[in-house]
Each structure stands twice: as structure tokens, then as C-alpha cells.
Amino acid sequence: MSGELNTEVHDEPESCRRTADWLGRLQPEVARIGDAVHHQRSASQAFWEGTAGEACRRELGDHGKDADDLEEQLRKVREALLTFAGAIDAVRRSMTEARSAASAAGLIVTPTAIL
């Protein structure tokens, strides 16, 4: 029986880590915006009454929640990217080990395959 085992891993964990790092820097800024919106909503109760004030607070409440939700989603995506980058690293290590074991067993090993 003959065959080929492709050991090439195309994914780049560093691109995942760079994106996760960027999201990590963005997340506190989104939190800061959300905090400012929530603060403004609360503060408006002291000076803005009536239907218009209530409508504004409803809108600010919705936008504050949107900012909170976005912050949480950024956290989740960041964590997923870091997990994926770690998985790519693990696959690369496994492929390196497989090429080493195959070479030690006398099989033909290329940079991208075990024959």
C-alpha cells in the first residue's frame, strides 16, 4: 500500500494573535463608551423631565446595552482566536513530530508530506 500524508498546515496562528491583540485593545474603549452612555442616561434624570427626557433615556439605555453586548462579543471572539491559534500550534507540533517519526522509520519525508 502506498500513499501520501499531507503534513502542511496553511493557517497562521500569528495572524489570529494579532487580531486578538487588536480586539483586546478595542474592548476597553467600547467599555468606556458604554460607561459614558450609561452615565449620561443617569445624569439626564437630574435635568431633563417629561416625554422627551424619557425617550432620550430609553434610547441611551438601548445604546448602552448595545455597547455592553459588543464588548462581550469582542471578548468572546478574542478568546476564540487565541484558542484557535493554540490549536494551530498544536497541529504544527504534531505534524513536525510525525515527520520526525516517519524520517526515523526510513520513510520519505518532504517539507509538506510523508510518502
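**Thr7 and its neighbours**

I started with Thr7, which touches Met95, Arg99, Pro111, Thr112, Ala113 and Ile114, leaving aside residues up to four places away in sequence; contact here means heavy atoms within 4.5 Å. This is a predicted model, where local features need pLDDT of at least 70, side-chain atom pairs count only at pLDDT 80 or more, and totals for chains, interfaces and linings use all residues. Residues are numbered from 1 along each chain as its sequence is written, and side-chain values use heavy atoms, with hydrogens and water left out.

I found Thr7 in the loop between β1 (5–6) and α1. Helices (H or I, at least four residues) and strands (E, at least two) are DSSP runs, numbered from the N terminus. Is Thr7 buried or exposed? I got a relative accessible area of 3%, so Thr7 is buried (buried is under 20% relative accessible area, exposed over 50%, partly exposed in between, with a 1.4 Å probe and protein chains only). I also noted a polar contact from the Thr7 side chain to the side chain of Arg99, at 2.8 Å. A polar contact is a pair of N or O atoms within 3.5 Å; within protein, one must be able to donate a hydrogen and the other to accept it, and residues adjacent in sequence count only if both atoms are side-chain atoms.

**The two helices**

Next I looked at how α1 and α2 sit together. Their axes come within 8 Å and cross at roughly 165° (axes are lines fitted to C-alpha atoms, for helices over the stretch in contact, with angles from 0 to 180 degrees between N-to-C directions). So I wrote down α1 and α2 as roughly antiparallel to each other, a label for angles over 145 degrees.

I checked Gln27 in helix α1. Gln27 is buried, because its relative accessibility is 15%. Gln27 touches Glu71, Leu74, Arg75 and Arg78, again skipping residues up to four places away in sequence.

**The core**

Which residues make up the largest nonpolar core? I listed eight: Cys16, Ala20, Leu23, Val30, Leu74, Leu81, Ala85 and Ile88. Both α1 (13–44) and α2 (50–104) supply at least two residues of this core. A nonpolar core is a set of buried Ala, Val, Leu, Ile, Met, Phe, Trp, Tyr and Cys residues joined through side-chain atoms within 4.5 Å.

**Leu107**

Last, I looked up Leu107, in the loop between α2 and β2 (113–114). Leu107 is partly exposed, with a relative accessible area of 44%. I found 63 Å between the C-alpha atoms of Leu107 and Ala36, which are 71 residues apart along the chain.

Conventions: Parallel < 35°, antiparallel > 145°, perpendicular 65-115°, else oblique.
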